[in-house]
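Me: I am new to this structure and would like a close look at a single part of it. Please start with the pairing of charged side chains, then go on to what can be said about other places.

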Amino acid sequence: MDIKKEPKNNLYELVNTINKGGSRLKKLISKLIDSSKLERNTLKLEKKRENIVEILKGIVEELIYFANQRTVFLNVKIPEECYLELDRIRIEQVFSNILSNAINNTQKGGNAYIKLKEKNGYVDISIKDTGIGLTDEEKEKLFKKFGKIERYGKSLGVDIDGLGLGLYISKELVQLHNGEILVKSKGRNKGAKFTIRLPKIKSILSV
Ligand SMILES: Nc1ncnc2c1ncn2[C@@H]1O[C@H](COP(=O)(O)OP(=O)(O)O)[C@@H](O)[C@H]1O
Ligand SMILES: [Mg+2]
């Protein structure tokens, strides 16, 4: 292609494509770095008392444009505040991955529901969608490193971007917080629900 001869509109499109490619590559590299740190046990958390509701709201705001583009509706039911000891950046990463997975794996016109429930010793943040769901076989695979499930060419009407590192990293990050990620789905096209369960750790200072 001779760039000098291209009409302006084509150039805008080209710059846009390059930009998207660059940002995809950046995400991929940071995922590879994270997973290598996790394997070598060198990923250190920086925990602080944080309002997890604020963190959730921030991620929803960040992804709402993307959800609108795919016409997936986000239904948020969360309380005003809920404080936990956690590494903000790392938990943001987990929410962002699980919510973008829900948006990606739901057909146009579908819904995603975000809830936060405080239980006795822990807090459950659930992200449920009305999307393509997971078979038992897929559930076995999805937390593995490079556990991408190929949806290409299956006419499922979902976004097929990604390499399958997101849930592997998310699971490890939640485990470093002494929590766990639970997954439920009744099968293909029955939707999926991911619950991030984080423990409430009583601060020595609080009475
Ligand atoms: N909410 C969901 N509904 C259906 N399938 C899902 C959902 N979330 C994740 N998956 C499947 O699990 C695989 C692994 O997810 P993830 O590790 O985040 O990788 P990716 O980089 O592909 O997003 C994805 O390829 C996707 O097919
Ligand atoms: Mg993902």
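Reply: **Salt bridges and their surroundings**

A network of salt bridges links Glu-50, Arg-88 and Glu-92. A salt bridge here is a side-chain nitrogen of Lys or Arg within 4 Å of a carboxyl oxygen of Asp or Glu. The model is predicted, so local features need pLDDT of at least 70 and side-chain atom pairs pLDDT 80 or more, while totals for chains, interfaces and linings use all residues; side-chain values use heavy atoms, without hydrogens and water. Residues are numbered from 1 along each chain as its sequence is written, and chains are lettered from A and ligands numbered from 1 in the order in which they are written.

In general, side chains of opposite charge can pair when their charged atoms come close. Over the whole structure, the search finds nine salt bridges. One of them joins Arg-90 to Asp-34, with 3.1 Å between the closest N and O atoms. This pair links distant parts of the chain, since Arg-90 is in helix H3 (residues 88-104) and Asp-34 in helix H1 (residues 8-39), 56 residues apart. Helices (H or I, at least four residues) and strands (E, at least two) are DSSP runs, numbered from the N terminus. Both Arg-90 and Asp-34 are buried; buried means under 20% relative accessible area, exposed over 50%, and partly exposed in between (1.4 Å probe, protein chains only).

A further salt bridge is formed by Glu-39 and Lys-145, whose closest N and O atoms are 2.7 Å apart. Because Glu-39 lies in helix H1 and Lys-145 in the loop between helix H4 (136-141) and helix H5 (166-176), the pair ties together parts that are 106 residues apart in sequence. Glu-39 is partly exposed at 48% relative accessibility, and Lys-145 is partly exposed at 31%.

Lys-200 and Glu-118 also form a salt bridge, with the closest N and O atoms 3.1 Å apart. Here Lys-200 is in the segment after E7 and Glu-118 in strand E4 (residues 111-118), 82 residues away. The relative accessible area is 32% for Lys-200, which is partly exposed, and 47% for Glu-118, also partly exposed.

Now to the metal site. The magnesium ion (ligand 2) has Asn-97 (OD1) and Asn-101 (OD1) as its protein donors, lying 2.3 Å from it. Donors are N, O and S atoms within 2.8 Å of the metal (3.2 Å for Na, K and Ca); water is not among the atoms, so sites may look incomplete. Asn-97 and Asn-101 are four residues apart in helix H3, so about one helical turn separates them. Asn-97 counts as buried at 11% relative accessibility, whereas Asn-101 is partly exposed at 21%.

In helix H5 sits Ser-170, which is buried with a relative accessible area of 2%. A polar atom of the Ser-170 side chain lies 2.7 Å from the backbone oxygen of Gly-166.

Leu-84, Glu-85, Leu-86, His-177, Leu-198, Pro-199 and Ile-201 line the largest cavity (a set of points on a 1 Å grid over the protein atoms alone where a 1.4 Å probe fits but cannot get out; lining residues have an atom within 4 Å of a point). Strand E3 (83-86) and strand E7 (192-199) are the elements that give two or more residues to this lining. E3 gives the most, with three residues.

Definitions and conventions:
On a 1 Å grid over the protein atoms alone, a cavity is a set of points where a 1.4 Å probe fits but cannot get out, and a pocket is an open set with protein on both sides within 12 Å along at least five of seven lines; lining residues have an atom within 4 Å of a point. A polar contact is a pair of N or O atoms within 3.5 Å; within protein, one must be able to donate a hydrogen and the other to accept it, and residues adjacent in sequence count only if both atoms are side-chain atoms.
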